[in-house]
Amino acid sequence: MQNIQTYLRMKQERKKIVMITAYDYPAAKFVQEAGADMILVGDSLGMVVLGYTDTIKVTLADIIHHTRAARRGAGDTFIVADMPYLSYHLDLISTKRNAARLLVEGGANAVKLEGGKESRLEAIRAIRDIEIPVVAHLGLTPQSINSLGGYRVQGTTDRSYREILAQALAIQDAGAFLLVLEGIPEKLGKEITEKLDIPTIGIGAGRFTDGQVLVYHDLLGLADIRPKFVKVYGNLHERITENLQSFIMDVRSGSFPAQENVYYPIENEGNK
Ligand code: KIV
């Protein structure tokens, strides 16, 4: 069973950490059987499972529901559950309660929240204070797309490069045990990784972070959008469509169900 020390040790030993998202029982089972180091029940589920155009509409109830399902498939694999938009923005009491619900009701081992400004550092400290491990997330933070002006690479100007670097250091001081870096130049991903003692997990943050995370649906070819940072390892969209079409054709042609799929088949009756 992994714990927060596992990942610190992996960084020290220069072993890459692999995180994959999963939002339900079968996906978590696949990810666990494949041997990933940790599972993320990300709010990306809003886009790849619930069909929203962004992650903003995802609720705490959604994340709890999906984390419970993932927990049942994940065995003892470490699960990080995303804190959705507005679940850590209002006050520290509701922030702590919401984080605790992800562990107590969902079965997560840690929670993740986005951003690095002072109010987020307070949230990290508050959650840490009730013994819940916290993962932070910097760079392209999807819950902020309305203020970022879209899904754009961050840290491309001198000012935002320095700001993200400073926030990464402050996040470590606030007590996060892991930092996800999304959509930033490779140089910034490398510099943060070298400057921090806690591990970094990149998604579109270059080759030098301590680990990588990809969205399950993206890497298996199940998503509609294919960002530059995704490597697609399978084409499940095509395979699933072909398999469904075969079933439809078999029913329409009468070749399914065949005699072997039938209880007490009537002898000498062909398919109708
Ligand atoms: O929600 C999510 O899947 C994430 C990853 C992209 C890191 O936050």
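Residues are numbered from 1 along each chain as its sequence is written, and side-chain values use heavy atoms, with hydrogens and water left out. Because the model is predicted, local features need pLDDT of at least 70 and side-chain atom pairs count only at pLDDT 80 or more, while totals for chains, interfaces and linings use all residues.

Strand 1 has parallel pairings with strand 8 and with strand 2, where pairing requires at least two bridges found by DSSP. Four bridges link strand 1 to strand 8 (residues 211-214), and Ile20 faces Leu214 across this pairing. Three bridges connect strand 1 with strand 2 (residues 38-41), and Met19 has Met38 as its bridge partner there. Together with helix 2 (residues 25-34), strands 1 and 2 form a right-handed β-α-β unit: with the strands pointing away from the viewer, the path from the first strand over the helix to the second runs clockwise.

Turning to the ligand, the residues around it include Thr21, Leu40, Gly42, Asp43, His137, Val180, Glu182, Ile203 and Val215, each with a heavy atom within 4 Å. Ser44, Asp82 and Lys112 also belong to this surrounding set. Polar contacts are pairs of N or O atoms within 3.5 Å. A polar side-chain atom of Ser44 is placed 2.5 Å from a ligand oxygen, the corresponding distance for Lys112 is 2.8 Å, and that for Asp82 is 3.1 Å. The protein buries 95% of the 260 Å² that the ligand exposes when taken alone, as computed by the Shrake-Rupley method with a 1.4 Å probe.

On the scale of the whole chain, an automatic or database domain assignment gives domain 1 (4-234) and domain 2 (240-271). Their centres, taken over C-alpha atoms, are 45 Å apart. Phe229 sits in the loop between helix 10 (216-219) and helix 11 (236-253), and counts as partly exposed because its relative accessibility is 33%. Its C-alpha atom is 27 Å from that of Ile4, which lies 225 residues away along the chain.

Terms used: Helices (H or I, at least four residues) and strands (E, at least two) are DSSP runs, numbered from the N terminus. A polar contact is a pair of N or O atoms within 3.5 Å; within protein, one must be able to donate a hydrogen and the other to accept it, and residues adjacent in sequence count only if both atoms are side-chain atoms. Buried means under 20% relative accessible area, exposed over 50%, partly exposed in between (1.4 Å probe, protein chains only).
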